[in-house]
Amino acid sequence: MKISASILAANPLYLGDSIKELENEGVDFIHVDIMDGHYVNNLTFGVDTVKSLCRMTNIPVEVHLELSNPEDHIENFANAGASIITVMLDTCANPIRVLEKIRKLNIKSGLSISPHVSVDAVKYLENYIDYLLLLSVEPGFGGQKFQTSVYSKIKDAKKIIGNRIPIEIDGGVNTDNISKLVKAGADIFVIGTGLYNNGNLKDNLKRFNDIMKKADID
Ligand code: DX5
Ligand code: ZN
């Protein structure tokens, strides 16, 4: 099980410091939400920020494209140094073409599914994806309430992909629900607010890691 830190919850004026702290604490991935003010009503990071970020760290960076027409942006984020590019299923008119485009650039491909979207299509897309990201909040903002419908969605996804593709859970992950998510079979936890709230990243991360380990043993 791995933790991916969502920097949407970090103070953008101290992003560099925050990355160094994530390195010291040993998080597995850095998760960067890219929003366009069109698919979702929020604007976040651009290509230049991702480029600087990838230059400063060896932690693999996952770019989560929460925007319209993802295929128009894949090459730019690949050149910026992303290790994983994840697209929203409901933004892809032709998901196979989009996912193939990511892989052709030697980047891992992620497919992200909104709470209202079924995982059924994964049956047909399995061969094109390296990571399956299940959103447990509506896309667009950090700090939202966790949607419990994701538990049954993990089960549905497992029926299709077994243990072949790692499942990421993104949105509202906290110290109350992570144990149940581990037991449900999720592999990677994208955490923003839960890591950055009260400003003590180190303690927060330790708490998450302890709970995850215990849940895995139980
Ligand atoms: C939501 C984003 C998430 C968000 C998670 O649109 O995809 O990555 O940053 O943040 P928290 O952990 O605050 O829900
Ligand atoms: Zn995200």
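The radius of gyration is taken over C-alpha atoms, and the globule rule is 2.2 Å times the number of residues to the power 0.38. With 218 residues, a compact globule would have a radius of gyration near 17 Å, and the 16 Å of the protein agrees with this. The C-alpha trace spans about 40 × 40 × 30 Å along its principal axes.

This is a predicted model, in which local features need pLDDT of at least 70, side-chain atom pairs count only at pLDDT 80 or more, and totals for chains, interfaces and linings use all residues. Residues are numbered from 1 along each chain as its sequence is written, chains are lettered from A and ligands numbered from 1 in the order in which they are written, and side-chain values use heavy atoms, with hydrogens and water left out.

The protein has 9 helices and 8 strands; these are DSSP runs (H or I, at least four residues, for helices; E, at least two, for strands) numbered from the N terminus.

Ligand 1 is surrounded by 20 residues, of which S6, G143, D170, G172 and T193 are the closest; a residue counts as near if one of its heavy atoms lies within 4 Å. The strands β2 (29-35), β3 (61-66) and β8 (188-191) each supply at least two residues of this shell, and β2 gives the largest share, 3 residues.

| Protein atom | Ligand 1 atom | Distance |
|---|---|---|
| T193, polar side-chain atom | oxygen | 2.4 Å |
| G143, polar backbone atom | oxygen | 2.8 Å |
| H64, polar side-chain atom | oxygen | 3.4 Å |

Conventions
A polar contact is a pair of N or O atoms within 3.5 Å; within protein, one must be able to donate a hydrogen and the other to accept it, and residues adjacent in sequence count only if both atoms are side-chain atoms.
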